[in-house]
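Please look over the sequence and the model shown here before reading the notes. The briefing that follows goes from the overall fold to single residues.

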Amino acid sequence: MEAQRIAIIGLGRVGGAFLEQLLEKQARGIALLAVAEPQDTAGRRRAEAAGLRLCSLDEIVALRETVDTIFELTGLKSVRRELREKLKLSHNLHTVVAPESTVRIIWALMSDAELPPASGPAVGY
C-alpha cells in the first residue's frame, strides 16, 4: 500500500495527541511530512524531537500535491477558511482537508484512550 502523506496544522491538546498516535503508526502506511504550530506546545516539542518539518500554513500549502491529507486541528474557523482558500488558489485538487470530527473517528478506530477535549470553541466548517 502506498503511504498516505500527511500534514498537521495545530498541535494543541487534540493535535498533539493525534500526532503521538500517528508517530506510532508510521510503519503502517503513514508518512508525516510536516506540521504547523506557532506556539510552544507539547505537541510542537514532540514534533521537533521526532525530526518533523515545522512549517507555516503557507509552507504546507506550497507542498501542493505531495500532501494527501491535511489535518486542520486548530479549532479556528478562520484558519480553516484561510487554508481552504489558499489550496483553492493554488489549484490543488488533490489534498483533502480533514477537520477535528474526522480525527475523532480515526482516533476511535486506532486508540483505546480518550482523545483530550479541545480547548477552544467547537467549530464546524
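Helices (H or I, at least four residues) and strands (E, at least two) are DSSP runs, numbered from the N terminus. The model is predicted, and local features need pLDDT of at least 70, side-chain atom pairs count only at pLDDT 80 or more, while totals for chains, interfaces and linings use all residues. Residues are numbered from 1 along each chain as its sequence is written, and side-chain values use heavy atoms, with hydrogens and water left out.

**Overall fold**

- The chain has five helices and five strands.
- In sequence order, these elements follow the pattern β-α-β-α-β-α-β-α-β-α.
- The C-alpha trace spans about 40 × 35 × 25 Å along its principal axes.
- Among the contacts in the chain with a separation of 6 or more, 75% are between residues 24 or more positions apart. Contact means heavy atoms within 4.5 Å.

**Surface and charge**

- Of the 125 residues, 44% count as buried. Buried means under 20% relative accessible area, exposed means over 50%, and partly exposed lies in between (1.4 Å probe, protein chains only).
- The accessible surface of the chain is about 7000 Å², and 55% of it belongs to carbon and sulfur atoms. Accessible areas come from the Shrake-Rupley method with a 1.4 Å probe; for residues, only the protein chains shown count as cover.
- The chain has 16 positive and 16 negative charges, and their mean positions are 3 Å apart. Lys and Arg count as positive and Asp and Glu as negative, while His and the chain ends are not counted. The place of a charge is taken as NZ of Lys, CZ of Arg, CG of Asp or CD of Glu.

**Salt bridges**

- Side chains of opposite charge can pair when their charged atoms come close. A salt bridge is a side-chain nitrogen of Lys or Arg within 4 Å of a carboxyl oxygen of Asp or Glu.
- The structure holds nine salt bridges.
- One of them joins Asp68 and Arg5, with the closest N and O atoms 2.8 Å apart. This pair links distant parts of the chain, 63 residues apart: Asp68 is in the loop between helix H3 (57-62) and strand E4 (69-72), and Arg5 is in strand E1 (residues 4-9).
- Asp68 is buried, at 8% relative accessible area, whereas Arg5 is partly exposed, at 24%.
- Another salt bridge is formed by the side chains of Lys86 and Asp58, at 2.4 Å from N to O. This pair also links distant parts of the chain, with Lys86 in helix H4 (residues 77-89) and Asp58 in helix H3, 28 residues apart.
- Lys86 is partly exposed, with 24% relative accessibility, and Asp58 is partly exposed, with 43%.
- Asp58, Glu82 and Lys86 are linked in a network of salt bridges.
- Arg64 and Glu65 meet through their side chains in a salt bridge of 3.5 Å, N to O. Arg64 is partly exposed, at 31% relative accessible area, and Glu65 is partly exposed, at 31% relative accessibility.

**Positive phi angles**

- Most residues other than glycine have a negative phi, and most peptide bonds are trans.
- Arg64 is not a glycine, yet has a positive phi of about 55°. Its place is the loop between H3 and E4.
- His91 has a positive phi near 60°, and is likewise a residue other than glycine. His91 is in the loop between H4 and strand E5 (96-98), and counts as exposed, at 63% relative accessibility.

**Distances along the chain and in space**

- Where is Asp40? Asp40 is in the loop between strand E2 (30-36) and helix H2 (42-49), and counts as exposed, at 61% relative accessibility.
- Asp40 and Leu11 are 29 residues apart in sequence, and their C-alpha atoms are 9.3 Å apart in space.
- Glu59 is in helix H3 and counts as partly exposed, at 39% relative accessibility.
- Glu59 and Gly75 are 16 residues apart along the chain, with 20 Å between their C-alpha atoms.
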